[in-house]
Amino acid sequence: MDFISGEIIGIDKPLGWTSFDAVKRLRGAIQRRLHVKKFKVGHAGTLDPLATGVLIICTGRSTRKIDDIQNGDKEYVAVIRFGATTPSFDLETEIDREYPWEHISKETVENALPNFMGKIMQVPPVFSAVKVDGKRAYNLARKGKAVNLKAKQLEIKEMELLACDFPEITVRIVCSKGTYIRAIARDLGEALGSGAHLTGLRRTRVGGIKIDDCMTVEEAIEKISTDELTFPEDYRMPERD
C-alpha cells in the first residue's frame, strides 16, 4: 500500500459511528505503521451516525480527489416509517407527533414516488450540518433555537419500492450529492397525508464503489498493519523513536 501517493479505501461504516470516528481509527493505524505523528486522511462524504454503509476514506495525495468522489451519485436503501414524525426526521430524536397511516397502501406509495424523481427542490433537515450564519444547523436545533433553511436543488435519479410492511416501507434511492434521505422521508409522509421518519439507512454505493467493495474498520486496520508498503521515490521513512 502506498499511503503517501494515496490510497482510496472503502469502509462499511458501522452503526453509531461518526464518519470522523472511522477516519480517526484509520489515521491512527497509518501513523503507527509509518511511525509519524501527523498524516493527512479524510473522508469523501459524511454518513450520519445512525446510517451504515459505504464511507470512502482517502489518504495522502489522494485527499485531493475527495471533491470529485463526493460529486458522484449515491445509492441508499432506506426504511421509512409512516404514522409519526421526529424533529430530526430519524431516530436521533423522540417522536413529537403521531398521524394516521392506515389509508396508505402499496399502490399509493408507488403512485407517489415518481413525484420525487428528477430535479427537485429540497429543504434540508434542521438537524443537519448545513451552516447558518457560520454555525451548524444541528447545534442551533439542539439548543432549541429556530432554524430556517432554504430549499436547494438536487436530483433523484432512481426510486424503487423494495418492500412494504406497513407502517414501514423499504426504498432504494439513487441521488446526487447533497440529498438528505431523512428529508425524503418527511416529504413522502406529507405527500401521503401522514407523517414519516427514517428508521434505517444504509449507503450501498458512492460513485463506482459498492458496498461489496468495502471492508470493515477492523479489516482495513489489519490490511494497513500487514500489507507490504510502497513509497514515492522522494519519501524517506522516519527513524524509529
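Me: Why is Phe 89 called buried?

Reply: In this predicted model, Phe 89 has a relative accessibility of 14%. Buried means under 20%, so Phe 89 counts as buried.

Me: Where does Phe 89 lie, and what is its phi?

Reply: Phe 89 is in the loop between strand S5 (84-85) and strand S6 (97-98). Its phi is positive, about 70°, and Phe 89 is not a glycine. Most residues other than glycine have a negative phi.

Me: Why does His 35 count as partly exposed?

Reply: The relative accessibility of His 35 is 29%. Partly exposed covers the range between the buried limit of 20% and the exposed limit of 50%. His 35 therefore counts as partly exposed.

Me: What is the phi of His 35, and which loop holds this residue?

Reply: Phi of His 35 is near 60°, a positive value in a residue other than glycine. The loop runs between helix H1 (19-34) and strand S2 (41-43).

Me: Which peptide bond is cis, and what is its omega?

Reply: The bond that joins Phe 166 and Pro 167 is cis, with omega about 15°. Pro 167 lies in the loop between S10 and S11. Most peptide bonds are trans.

Me: What makes a set of residues a nonpolar core?

Reply: The residues must be buried, be of the listed nonpolar types, and be joined through side-chain atoms within 4.5 Å. The largest such core here has 28 residues. Ile 181 and Leu 188 have the most contacts inside it.

Me: Which elements give two or more residues to this core?

Reply: The strands are S4 (74-82), S10 (152-165), S11 (168-175) and S12 (196-206). The helices are H3 (106-112) and H5 (181-191).

Me: Which residues does Leu 188 touch, not counting those up to four places away in sequence?

Reply: Leu 188 touches Ile 80, Phe 82, Ala 112, Leu 113, Phe 116 and Ile 169. A contact needs heavy atoms within 4.5 Å.

Me: What does the second, separate core include?

Reply: That core has 20 residues, among them Ala 22, Ala 29, Phe 39 and Ala 220. In soluble globular proteins, nonpolar side chains tend to be buried together.

Me: How many residues does the protein have, and what share is buried?

Reply: The protein has 241 residues, and 47% of them are buried. Its secondary structure comes to six helices and 13 strands.

Me: What share of contacts between residues at least 6 apart in sequence joins residues at least 24 apart?

Reply: The share is 72%.

Technical notes: Residues are numbered from 1 along each chain as its sequence is written. This is a predicted model: local features need pLDDT of at least 70, side-chain atom pairs count only at pLDDT 80 or more; totals for chains, interfaces and linings use all residues. Side-chain values use heavy atoms; hydrogens and water are left out. Helices (H or I, at least four residues) and strands (E, at least two) are DSSP runs, numbered from the N terminus. Buried means under 20% relative accessible area, exposed over 50%, partly exposed in between (1.4 Å probe, protein chains only).
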